[in-house]
Amino acid sequence: MDMYQNPYMAFPGITPEEMAFLQQGTNELSDNQKKYFYMMYSDKRKSPQDIMLFTLIGFIGVAGVQRFILGDVGMGIVYLLTGGFCGIGTIVDLVNYKTLTNDYNRKWLSKASRWRRWEINRKVKG
């Protein structure tokens, strides 16, 4: 099966929420634009399973790795210095790993949408 027939098959662990905001974010794009966008998104997207594994690393090694990977450097440093708030913050992140991942992916999609609108406006004006 061609991944562009069902592009969501290329994203391991995709949640219904993520699928919904992807569909909403790409509904105005042409097929070629969607192909390009899905290639970009697959590079930037974080998988919930990966975030869960990085959160588990906090229990046996370096707390806060998941926060660094999600781009939350400030909290990553706090987790690193406090041992994941003595393990409590790491447990909370382990429970909420899907939400953390969806929030990161949604923020990235929002940035990409703003960039796409800017690019379209630039082409129209230029």
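Reply: Happy to; what follows takes the labels in turn, and please keep in mind that this is a predicted model.

Me: Let's begin with Thr55. Why is Thr55 called buried?

Reply: Buried means under 20% relative accessible area. Thr55 has 0%, so the label applies. This residue sits in helix α3, which spans residues 48-60.

Me: Which residues does Thr55 touch, leaving aside those up to four places away in sequence?

Reply: Thr55 touches Gln66, Thr90, Asp93 and Leu94. A contact here requires heavy atoms within 4.5 Å.

Me: Asp93 is in that list. Is Asp93 buried or exposed?

Reply: Buried: its relative accessible area is 2%, and the cut-off is under 20%.

Me: What makes Arg67 and Asp93 a salt bridge?

Reply: The criterion is a side-chain nitrogen of Lys or Arg within 4 Å of a carboxyl oxygen of Asp or Glu. For Arg67 and Asp93 the N to O distance is 2.8 Å, so the pair qualifies under the 4 Å limit. The pair links distant parts of the chain, with Arg67 in helix α4 (residues 65-69) and Asp93 in helix α6, 26 residues apart.

Me: How do you know that Asp72 forms a salt bridge with Arg67?

Reply: By the same test: the closest N and O atoms of Asp72 and Arg67 are 3.1 Å apart, and the limit is 4 Å. Arg67 is buried, at 13% relative accessible area, whereas Asp72 is partly exposed, at 29%.

Me: And what makes Asp103 partly exposed?

Reply: Partly exposed covers the range between the buried limit of 20% and the exposed limit of 50%. Asp103 has 33% relative accessibility, so it falls in that range. Arg106, at 37%, is partly exposed too. Asp103 forms a salt bridge with Arg106, the closest N and O atoms being 3.3 Å apart. The two are three residues apart in helix α7, which means about one helical turn separates them.

Me: Which residues do salt bridges with shared partners join into one network?

Reply: Arg67, Asp72 and Asp93. The structure holds four salt bridges.

Me: Which residues of α5 and α6 meet?

Reply: Tyr79, Gly84, Phe85 and Cys86 in α5 meet Ile88, Gly89, Thr90 and Asp93 in α6. The residues of this contact divide into four nonpolar, three polar and one charged.

Me: Finally, what makes a group of residues the largest nonpolar core?

Reply: A nonpolar core joins buried residues of the listed nonpolar kinds through side-chain atoms within 4.5 Å. The largest such core has eleven residues, among them Phe11, Phe21, Tyr41, Trp108 and Leu109. Helices α1 (16-26), α2 (31-44) and α7 (97-125) each give two or more residues to this core. A second, separate core of five residues includes Leu70, Tyr97, Leu100 and Tyr104.

Me: Which residues does Phe21 touch, again leaving out those up to four places away in sequence?

Reply: Phe21 touches Tyr41, Asn102, Asn105, Arg106 and Leu109.

Note on methods: Residues are numbered from 1 along each chain as its sequence is written. This is a predicted model: local features need pLDDT of at least 70, side-chain atom pairs count only at pLDDT 80 or more; totals for chains, interfaces and linings use all residues. Side-chain values use heavy atoms; hydrogens and water are left out. Helices (H or I, at least four residues) and strands (E, at least two) are DSSP runs, numbered from the N terminus. Buried means under 20% relative accessible area, exposed over 50%, partly exposed in between (1.4 Å probe, protein chains only). Ala, Val, Leu, Ile, Met, Phe, Trp, Tyr, Cys and Pro count as nonpolar, Asp, Glu, Lys and Arg as charged, and the others, Gly among them, as polar.
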